[in-house]
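Hi everyone, thanks for making time.

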Amino acid sequence: MIDLAALRHEETVPLRGDVTLALARSIGARAQQLGEDAGHPIAIAVRLGGRTVFQVALDGSAPLNDDWLMKKIHVTETFHQSTLLVRAEHEANGKDFHATHGRTSEYWAPAGGAVCLRDSTLTFRGVLVVSGLTQLEDHALCREALAEFS
C-alpha cells in the first residue's frame, strides 16, 4: 500500500544549495550510476526550468521508455508533485486522473517515477524521472538518487 503521508513529506524536502544546471546534471549522473550498478534497463531524464538538461538510456531500455519519461514529466511539471503522489491522491479519492483533468493517457501518465526538484524555499524547479521498472521501483530509484543532494 502506498503511504500518502510519506509521499507528501517527500514534497517538503529541498535540495541543498542552489539548484543549478550543474546540480541537475549531477543528479542525473547519480541516477545513471545507480541504474548501471543494478543493471536496470531504464531511461532517465532531468528537466530544469522546462528544459531537458540530462537524458540517458541504459542498456536494455527501449524507445517506449522515452515516451513514458515525457508522460510522467507532463504530470509533474503541471502539478508540481511526484507522479506517484498524484496517482495515490486520485486513487484515495476514488477519482480517475485522466477523466478528472481531461487528459489522455497518450500524453499523461500519473505513474510513479517522476519526482520534484525543489529549492530551499520548496519552490518547484524541475523534475527527475525514471522509466523502465515498476512504478514503485522507478520512484524509489529517484528518491535514492536525490538522497545525497537533499
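**Salt bridges, cores and cysteines**

Let's start with a pair of charged side chains: glutamate 148 and arginine 30 form a salt bridge, with their closest N and O atoms 3.0 Å apart. This one ties together distant parts of the chain, since glutamate 148 sits in the segment after helix 6 and arginine 30 in helix 2, 118 residues apart. Both ends are partly exposed: glutamate 148 has 43% relative accessibility, and arginine 30 has a relative accessible area of 26%. Keep in mind throughout that we're looking at a predicted model.

How many salt bridges does the structure hold? There are seven. Another of them joins arginine 8 to glutamate 89, with 3.1 Å between the closest N and O atoms. Again distant parts of the chain are linked, here helix 1 (residues 4–10) with helix 4 (residues 83–92), and the two residues are 81 apart. Arginine 8 is partly exposed, at 42%.

Then there's arginine 47 with glutamate 77, at 2.8 Å from N to O. That bridge runs from strand 1 to helix 3 (residues 63–79), across 30 residues. Arginine 47 is buried, with a relative accessible area of 12%, while glutamate 77 is partly exposed at 22%.

Okay, on to the inside. The largest nonpolar core has 24 residues, and those touching the most other members are Leu15, Ile27, Ile44, Val46, Leu117, Leu128 and Leu146. Several elements supply at least two residues each, among them strand 1 (43–48), strand 4 (124–131) and helix 6 (135–147). Which element gives the most? That's helix 2, with five residues.

Setting aside neighbours within four places in sequence, leucine 15 is in contact with residues including Leu23, Ile27, Leu117, Leu146 and Phe149. There's also a second, separate core of seven residues, which includes Ala43, Ile73, Ala114 and Val127.

Last topic: cysteines. The disulfide count comes to zero.

Key
Residues numbered from 1 in each chain as written. Predicted model: local features only at pLDDT ≥ 70, side-chain atom pairs only at ≥ 80, totals over all residues. Heavy atoms only, no water. Core = buried A, V, L, I, M, F, W, Y, C linked by side-chain atoms within 4.5 Å. Buried < 20%, exposed > 50% of the residue type's maximum accessible area, 1.4 Å probe, protein only. Helix = DSSP H or I, 4+ residues; strand = E, 2+ residues; numbered from the N terminus. Contact = heavy atoms within 4.5 Å. Disulfide = S-S within 2.5 Å. Salt bridge = Lys/Arg side-chain N within 4 Å of Asp/Glu carboxyl O.
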